[in-house]
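Here's a quick briefing to read alongside the model. Have the viewer open as you go.

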Amino acid sequence: MYNEKDIIAQWNADMYDLNETYTDDVELALMLMGTTPKKVLEIACGSGRFLVPVAKAGHDVTGLDFDEYMLKRIPHKITNEKIKWHKADVIYDDWGTGFDVVTLGANFLFNIVSDMNYEQAQKLMIQKSADALAVGGHIFVDYVYPQYPEKWFHNPNPNIIWEGTDSHGNFGKMSLLDNVYDTKSRIARYIRRFDMILADGNTLVQEIPSEKHFVVLEQIHKWLDEAGFVIEQECGDYQGHPISEMTNRVIIWARKIR
Ligand SMILES: C[S@@+](CC[C@H](N)C(=O)[O-])C[C@H]1O[C@@H](n2cnc3c(N)ncnc32)[C@H](O)[C@@H]1O
């Protein structure tokens, strides 16, 4: 009766923009990029939360994402900046070449959606970044890095991520449930559940089995090295503190040297 995928994707894009309004990652990335205009590629740019302010700062930006409902929100946020975006599956589609900066921000290494082995997909994102960059260009990587991921999976209750009404009057709730974490493979499996009460009063429920691989820092270092990068900056938060049990994050700025 309904196209569940569309209703939920539309609701999801609205909730993303309502809830994810932080900017400190953008400020750090802009500081690292410097003031000379750069050719920047954002992988998984979504609705432009990061892409648009980077364009407004004077850079020539391109974003790739496969979610058309997220991409559709970008034109409402821009005037005449140098900004392009394309619908693309970043695992399988071409990224282009000759960029000065490629960003894997906003925790994308944990938000990859694909049918590929998760660890392999993470490594591929580093290699494809190298391929898209000119020699001397930089990669910006920003992801959640809990030193004890198993502690995240103690809570047996559903974890409600977003709840609210979208621009079409559809009310929804997204929760994560049935979390299981395997310490050996560092893979977390869980269900993303959407409970919707639509504007016409009908209800819709969708459960999407999902997984994430908790990559360790040494792996990232190895993949960067193999792809020809040398790390110039590494920190555990947007204020530049070192990575620690308190920071729960990794931010890397690395240069392609070959
Ligand atoms: C958490 S959002 C981040 C959006 C944006 N980078 C930001 O900073 O707000 C993650 C994005 O990754 C995209 N994504 C996940 N897997 C993808 C894939 N295989 N190809 C293209 N986009 C993907 C989703 O569509 C979503 O827009």
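This is a predicted model: local features need pLDDT of at least 70, side-chain atom pairs count only at pLDDT 80 or more; totals for chains, interfaces and linings use all residues.

Residue numbers start from 1 along each chain as its sequence is written. The chain splits into domain 1 (4–146 + 215–256) and domain 2 (149–212), with bounds that come from an automatic or database domain assignment.

**Domains and where they meet**

- The centres of domain 1 and domain 2, taken over C-alpha atoms, sit 23 Å apart.
- Across the boundary, 12 residues of domain 1 are in contact with 17 residues of domain 2; contact here means C-beta atoms, placed from the backbone, within 7 Å.
- On the domain 1 side, helix α1 (residues 4–19) gives the most, with nine residues. Helices (H or I, at least four residues) and strands (E, at least two) are DSSP runs, numbered from the N terminus.
- That side of domain 1 is made up of eight nonpolar, two polar and two charged residues. For these classes, Ala, Val, Leu, Ile, Met, Phe, Trp, Tyr, Cys and Pro count as nonpolar, Asp, Glu, Lys and Arg as charged, and the others, Gly among them, as polar.

**Helix α1**

- How does the span of α1 agree with what its 16 residues should give? At 1.5 Å a residue they should span 22 Å, and the end C-alpha atoms are 22 Å apart, which agrees. The expected span is 1.5 Å times one less than the number of residues.
- The buried residues of α1 are I7, I8, Q10, W11, A13 and D14. Buried means 20 or more other C-beta atoms within 10 Å of the residue's own, exposed means 12 or fewer, and partly exposed is in between, with C-beta atoms placed from the backbone.
- The cover over those buried residues includes α4 (68–71), β7 (171–182), β8 (187–197) and β9 (203–213).

**Ligand shell**

- The ligand is surrounded by 20 residues, and the closest are A44, G46, R49, D67 and A106. To be near it, a residue needs its C-beta atom, placed from the backbone, within 6 Å.
- By class, the shell holds 11 nonpolar, four polar and five charged residues.

**Nonpolar core**

- The largest nonpolar core has 51 residues, and I43, L51, V54, V102 and I139 touch the most other members. Such a core is a set of buried Ala, Val, Leu, Ile, Met, Phe, Trp, Tyr and Cys residues joined through C-beta atoms within 7 Å.
- Setting aside residues up to four places away in sequence, V54 touches V26, A29, L30, V40, H59 and V61.
- A254 lies in strand β11 (residues 249–256) and counts as buried because it has 25 C-beta neighbours inside 10 Å.
- The C-alpha atoms of A254 and I139 are separated by 5.4 Å, although the two are 115 residues apart along the chain.
- Leaving out neighbours within four places in sequence, the contacts of A254 are H138, I139, L224, F229, V230, I231 and E232.

- H213 lies in strand β9 and has 20 C-beta neighbours inside 10 Å, so it counts as buried.
- Not counting residues up to four places away in sequence, H213 touches Y118, E119, Q122, R186 and I187.
- T183 belongs to the loop between β7 and β8. With 11 other C-beta atoms within 10 Å, T183 is exposed.
- T183 and E207 are 24 residues apart in sequence and 24 Å apart in space, C-alpha to C-alpha.

**Other residues worth a click**

- D178, in strand β7, is not a glycine but has a positive phi of about 55°. Its 12 C-beta neighbours inside 10 Å make D178 exposed.
- N248 also has a positive phi, near 60°, in a residue other than glycine. N248 is in the loop between β10 (229–235) and β11 and counts as partly exposed, with 15 C-beta neighbours inside 10 Å.
- Q147 is in the loop between β5 (133–144) and β6 (159–165). With 14 C-beta neighbours inside 10 Å, Q147 is partly exposed.
- Q147 and L217 are 70 residues apart in sequence, with 9.7 Å between them, C-alpha to C-alpha.

Key. Two residues are in contact if their C-beta atoms, placed from the backbone, lie within 7 Å.
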